[in-house]
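Here is a short briefing to keep beside you as you look over the chain. Take a moment with the sequence and the 3D view, and then read on.

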Amino acid sequence: MANKTVYQTLEDRSNPDEIEEHGPYPCRRENAWLGNGFYFWDTFINNAHWWGKEGACYYKGYIICKAECEYNTDECFDLVGETDHIQLFNQSINLMKENGLLTNKTTVARVINHIKEELKIFKYSAVRVYGINSKAKNSDFNQILYFNPLKPQYLDISPAIQICFYHRNSLNLRNYRIVFPEEYIEGYAV
């Protein structure tokens, strides 16, 4: 088990006290990538800023909250770095294909829901994914380094990795507090 820092980006509605008292906040959008849950950016605050400025386009501004969790692959379905989990995901896709349940419109959330609801083998309280090509190539938030300047392959040094916590206390999510903008941080003096 390892402690991990995560960041949640929210629209700035001039309610910092409410946010720190009632947060984190769930995403319940119909097109949520991983289903309903509490979405956080893994490790890199740069991605939380990207989401506020370019991803969600919070034109009135945004707030970033920091939290900690106890990351472990017994409780987190890790589709970034846990090859056994990736293999289970692929097997589920193949099973859906065999049963005529897979189309070109099938989403990651749909496959996860199938593992949960139909196969009933999903024992996790969170999912971790890397949304490849989330950030535009020309984004100021895109941090890539080429292996060879003459080839297209690169290393993303600030990958857009998200963790969706299915419950407010998944992975012992705790210490939720505002870290941006500065004027909302407790003890900030003008």
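Predicted model: local features only at pLDDT ≥ 70, side-chain atom pairs only at ≥ 80, totals over all residues.

The chain has 190 residues, and 41% of them count as buried. Its secondary structure comes to four helices and nine strands.

**Overall build**
- The C-alpha trace spans about 60 × 45 × 30 Å along its principal axes.
- A compact globule of 190 residues would have a radius of gyration near 16 Å, and the 18 Å of this chain agrees with that.

**Fold along the sequence**
- Of the contacts between residues at least 6 apart in sequence, 73% join residues at least 24 apart.

**Where α3 meets α4**
- Helix α3 covers residues 83-98 and helix α4 covers residues 108-119; their axes come within 10 Å.
- These axes cross at roughly 85 degrees, and angles of 65 to 115 degrees count as roughly perpendicular, so α3 and α4 are roughly perpendicular to each other.
- On the α3 side, the contact is made by F89, S92, I93, L95 and M96.
- On the α4 side, their partners are V108, R110, V111, I112, H114, I115 and L119.
- Sorted by class, this contact of α3 with α4 has nine nonpolar, two polar and one charged residues.

Terms used
Residues numbered from 1 in each chain as written. Heavy atoms only, no water. Axes fitted to C-alpha atoms, helices over the stretch in contact; angles between N-to-C directions. Helix = DSSP H or I, 4+ residues; strand = E, 2+ residues; numbered from the N terminus. Parallel < 35°, antiparallel > 145°, perpendicular 65-115°, else oblique. Contact = heavy atoms within 4.5 Å. Nonpolar A, V, L, I, M, F, W, Y, C, P; charged D, E, K, R; others polar. Rg over C-alpha atoms; globule rule 2.2 N^0.38 Å. Buried < 20%, exposed > 50% of the residue type's maximum accessible area, 1.4 Å probe, protein only.
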